[in-house]
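Visitor: Could you walk me through this structure? I'm new to this, so please take it slowly.

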Amino acid sequence: MKNGRDPVIVGLADSALEGGRFVKQASVLGHCALVANEALKEAGLSMKDVDGLLTAGMWGVPGPGQLNTVTLGEYLGIMPMFVDGTNIGGSAFEAHVAHAAMALREGYCEVALIVYGSDQKSLRSRTLGGRPSVLNMQHETPYGMLTPVGGYAMAARRHMHEYGTKSEHLAEIAVAARKWAQLNPAATRQDDMSIDDVMDSMMISDPLHLLDCCLVTDGAGAIVMTTAERAKDLKTTPVSVKGYGESHSHWAISEMPDLAHLLPAAKAAKRAMEMAGVKHSDIDVTQIYDSFTITVLLSLEALGFCKPGEGGAFVSDGRIAPGGEFALNTSGGGLSALHPGMFGMFLLIEATRQLRGDCGARQVKGAETALVHGTGGTLSSGATVILQKGLQA
Amino acid sequence: MSYDNPLPVIDQDSAPYWEAARQGRLDIPLCADCGKHHFYPRTVCPHCFSDKLSFDTVSGRGTVHSFTISRRPAGPGFADEVPYVVALIDLQEGPRMMSRIETDDVESVQIGSSVEVIFVRATDEVTFPYFKLT
Ligand SMILES: [Zn+2]
């Protein structure tokens, strides 16, 4: 079965932050270029080798960001022959890995560069005011729902109604993330935090508190993919892309098919795990998008790690915290490490670092197989990637 | 008095819906092929992909599917309304829509609460269908 064109992650990089802001002075495209160079360099490649370019972001919109790969390719000084600007929200990068994997298999490109950058913290551009009131959003934005937290809050309340899930369950997720962050020197928030701290934090959009919400930071990250054949000669520990899947269902929260169940996540994960030939018990480390605490709980159920309605019990008693039996969001996640707006890039980076064995105090011992699952929009999209250490037979 | 909050950018799909609301009716599309209503208004039915659609005046009654209490305003114009309830309403006729629930007691709203449409004028062009508990 081994094929020289099987897709492999061979390079990664993310930018240094201090207090959630970029340390280095550069434009958002400058930060994209810096992490791209760094990710290529660690593999022993350079920008000249790149013939596939994939990106998603919120920069330059309206304006040059509308043609995001075109603008980024120009800035980098390359003429890629495979491009993908798919934007399905924060899960876009999991979809990019899937698309790059197919392009590599097909021989449509040899070295694919996936890049993301956001300077939302420095720009103070993050708002809760909703999306322009056109097309589908004319039926939501005028009602003043805090966006996107209000949609997640409605899903959380529905899950509570159907299954008796409690705010304490959601708080467990935030506390576990903080404990992982305390083991990650790069994480933005490392101060002690308890269940009570989460429950006592300001109510933003009932039933979600401030500490149920992800951070608002800057951030840039890059991933380099190539073929197994090419990876043999490169400098980094290769991580194979074994399976992938993606789907989406809605943008307006009123159009979500089932508020308490993530149907796109279930479809994406089923395909990815079948493609990879792995069972849940094969997964050593899991990275799940944590835009809000409820996102993690809904994802765990949709991905099949527990039954619908059992997410609250699943995350209880420190099970997903360091030392627990289920290694989840080991960087501290979007809740405590960083969240530049589209966190999916950093899920992939952390999973790859875990499989390389580069994670220091937070390293999951003997991690061979990782599941990465991104969520985008308002629980709109789901995309799953299965990664395995080494060049897999 | 000026209206400071976001207004819908009305388009060809939605114009009859907003015009009906202005006149105090809740009109939503009904499909002649599959017999189902849908919301928000489209030119092609999302259930069966037919374009044989017409606007139908519905009961304006439904139940709360889920909701959130905004404790902070979604923009400065909403500041004097905090806290307020944004809800998803399951209409008796089937479709689900976002709206507001007007109430003096935001804590009284529950999933499953029965609601009825009321019409709240924003500008000469736009009247919003809000809901109240019944
Ligand atoms: Zn129809």
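Predicted model: local features only at pLDDT ≥ 70, side-chain atom pairs only at ≥ 80, totals over all residues.

Visitor: OK, which residues are the protein donors of the zinc ion?

Guide: The donors are the SG atoms of B:Cys31, B:Cys34, B:Cys45 and B:Cys48, and they lie 2.3 to 2.4 Å from the zinc ion.

Visitor: And how are those donor residues spaced in sequence?

Guide: They follow the pattern C-x2-C-x10-C-x2-C. Both B:Cys34 and B:Cys48 lie in the loop between strand E1 (27–31) and strand E2 (53–57) of chain B, so this pair ties together parts that are 14 residues apart in sequence.

Visitor: What about the geometry of the zinc site?

Guide: The site is tetrahedral, with angles of 101 to 115° among the four donor atoms. For four tetrahedral donors, the ideal angle at a metal is 109.5 degrees.

Visitor: Switching topic, where is B:Thr123?

Guide: B:Thr123 sits in the loop between strand E6 (114–121) and strand E7 (127–133) of chain B, and it counts as buried because its relative accessible area is 16%, under the 20% cut-off.

Visitor: What does its side chain reach?

Guide: The side chain of B:Thr123 reaches the backbone nitrogen of B:Glu125 at 3.2 Å, and a polar atom of that side chain lies 3.0 Å from the backbone nitrogen of B:Val126.

Visitor: And beyond its neighbours in sequence, what is B:Thr123 in contact with?

Guide: Leaving aside neighbours within four places in sequence, B:Thr123 is in contact with B:Tyr3 and B:Leu7.

Technical notes:
Residues numbered from 1 in each chain as written. Chains lettered and ligands numbered in written order. Heavy atoms only, no water. Donors = N, O, S within 2.8 Å, 3.2 Å for Na, K, Ca; no water. Tetrahedral: all angles 85-135°; square planar, octahedral: opposite > 155°, others 65-115°. Helix = DSSP H or I, 4+ residues; strand = E, 2+ residues; numbered from the N terminus. Buried < 20%, exposed > 50% of the residue type's maximum accessible area, 1.4 Å probe, protein only. Polar contact = N/O pair within 3.5 Å; in protein donor to acceptor, adjacent residues only side chain to side chain. Contact = heavy atoms within 4.5 Å.
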